[in-house]
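Here is a short briefing for a reader who is new to this structure. The sequence and the model come first, and the notes on them follow by topic.

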Amino acid sequence: MSAQIRPDLSAIPAYTPGRSYPGAVKLASNETTLPPLPAAAKAIGAAAELAHRYPDNQATELRAALADFLDVTVEQVAVGCGSVALLQELVQITCSSAQDEVLFAWRSFEAYPIVAQVGHATAVQVPLTSEHVHDLDALAAAVTPRTKLVFVCNPNNPTGTAVGQDALVRFLDAVPSDVLIVLDEAYFEYLRLAGTGQCPDGVELGRGRPNVIVLRTFSKAYGLAGLRVGYAVGDPEVITALMKVHIPFSVNRVAQAAAIASLEARGELLERTDALIVERERVRAAMRGAGYEVPPSETNFIWLPLGGRSAAFAEASAEAGVLVRPYTADGVRVTIGDPHENDTFLRFATDPEVAARFS
Ligand SMILES: *Cc1c(COP(=O)(O)O)cnc(C)c1O
């Protein structure tokens, strides 16, 4: 007899590793290219020497450091094994059956439909605008009495676009106060909305709005993707519920130590984001110059809305030595890497034959 696995899980694709291209440049996962700062590496080494001891399950020191940095209380901060774990936990604390709806824009972060389904909830998707931006009016209009959770990815993965402060405030005010709104700010550190004065900060917007919870991560600008640590900031009642469903000890000792050290050294880390943004604008300009449509990006990647040609583009790019991330029928996401990596990508993509085929 075989085990009685939940039949609905067959709708979730099993993980299939991609073809490997040894030696290829990897611009597929929005990682930073630089290794941890010396202070973080030192903290990692010291924590590893205590690997025989369980980590602090409450992550007291890290949560206190985050609370101090964000000017909130420790009771308003939860940490998770990457912010994806917190996404899953947010579904767990709000949804209990398929009657319950999790609302989000599409296309957006690929984990949203999966965590909704794993959490027995129903995913409801609202298309992005033709400019690849969140349609906040349509999203607000899609809230029903069944809606328990709304994910707003700002800036949005994989399109790179962001909504500004005024639009976001209008949205927060339009959604009933008993619906939990998650502002997923994984790329917050890259958000500039240059010249608009419209740069939204979810933590600030959440003050006085107990139904707003903000997710951020150490995986992107802070460069600790391999250690898995993210955090949630919000109302103490929501944070308490998150801690009830938290998998015990899932934020490990090394991750906690590295996150604290990285937070202390954030000046140095955040300087790197300025250099990355210069590269991003250079790559975007070169791609547009070659004839591609490239929406403005507020992240560490660009989006190429290539529709049905996405898979073929990614395949051709891999053969040219650069791995990028295709999203069937929608587009291709290209992470901004080191200048020489970006040059390798641009040599491929702006080649007149390639550009003629795909732009
Ligand atoms: C990368 C990413 C995350 C989280 O990553 P973790 O490594 O799990 O912290 C969350 N949301 C979005 C939109 C992302 O792109």
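This is a predicted model: local features need pLDDT of at least 70, side-chain atom pairs count only at pLDDT 80 or more; totals for chains, interfaces and linings use all residues.

A polar contact is a pair of N or O atoms within 3.5 Å.

**Where the ligand sits**
- The ligand is found in the largest pocket, where 13 residues surround the ligand.
- Among these surrounding residues, the closest are Ser83, Tyr187, Thr217, Ser219 and Lys220.
- Sorted by class, the shell around the ligand is made up of five nonpolar, five polar and three charged residues.

- The side chain of Asn157 places a polar atom 2.8 Å from an oxygen atom of the ligand.
- In Arg228, an N or O atom of the side chain is 2.7 Å from an oxygen atom of the ligand, while for Lys220 the corresponding distance from a side-chain N or O atom to an oxygen atom of the ligand is 3.1 Å.
- The ligand exposes 380 Å² when it is taken alone, and the protein buries 94% of that area.

**A residue in a strand**
- Strand E9 spans residues 301-304 and includes Leu304.
- Leu304 has a relative accessibility of 0% and therefore counts as buried, since buried means under 20% relative accessible area.
- Although Leu304 and Thr159 are 145 residues apart in sequence, their C-alpha atoms are 8.0 Å apart in space.

Conventions. Residues are numbered from 1 along each chain as its sequence is written. Side-chain values use heavy atoms; hydrogens and water are left out. A residue is near a molecule or strand if one of its heavy atoms lies within 4 Å of it. A polar contact is a pair of N or O atoms within 3.5 Å; within protein, one must be able to donate a hydrogen and the other to accept it, and residues adjacent in sequence count only if both atoms are side-chain atoms. Accessible areas come from the Shrake-Rupley method with a 1.4 Å probe; for residues, only the protein chains shown count as cover. On a 1 Å grid over the protein atoms alone, a cavity is a set of points where a 1.4 Å probe fits but cannot get out, and a pocket is an open set with protein on both sides within 12 Å along at least five of seven lines; lining residues have an atom within 4 Å of a point. A molecule sits in a cavity or pocket if more than half of its atoms lie within 2 Å of its grid points. Ala, Val, Leu, Ile, Met, Phe, Trp, Tyr, Cys and Pro count as nonpolar, Asp, Glu, Lys and Arg as charged, and the others, Gly among them, as polar. Helices (H or I, at least four residues) and strands (E, at least two) are DSSP runs, numbered from the N terminus. Buried means under 20% relative accessible area, exposed over 50%, partly exposed in between (1.4 Å probe, protein chains only).
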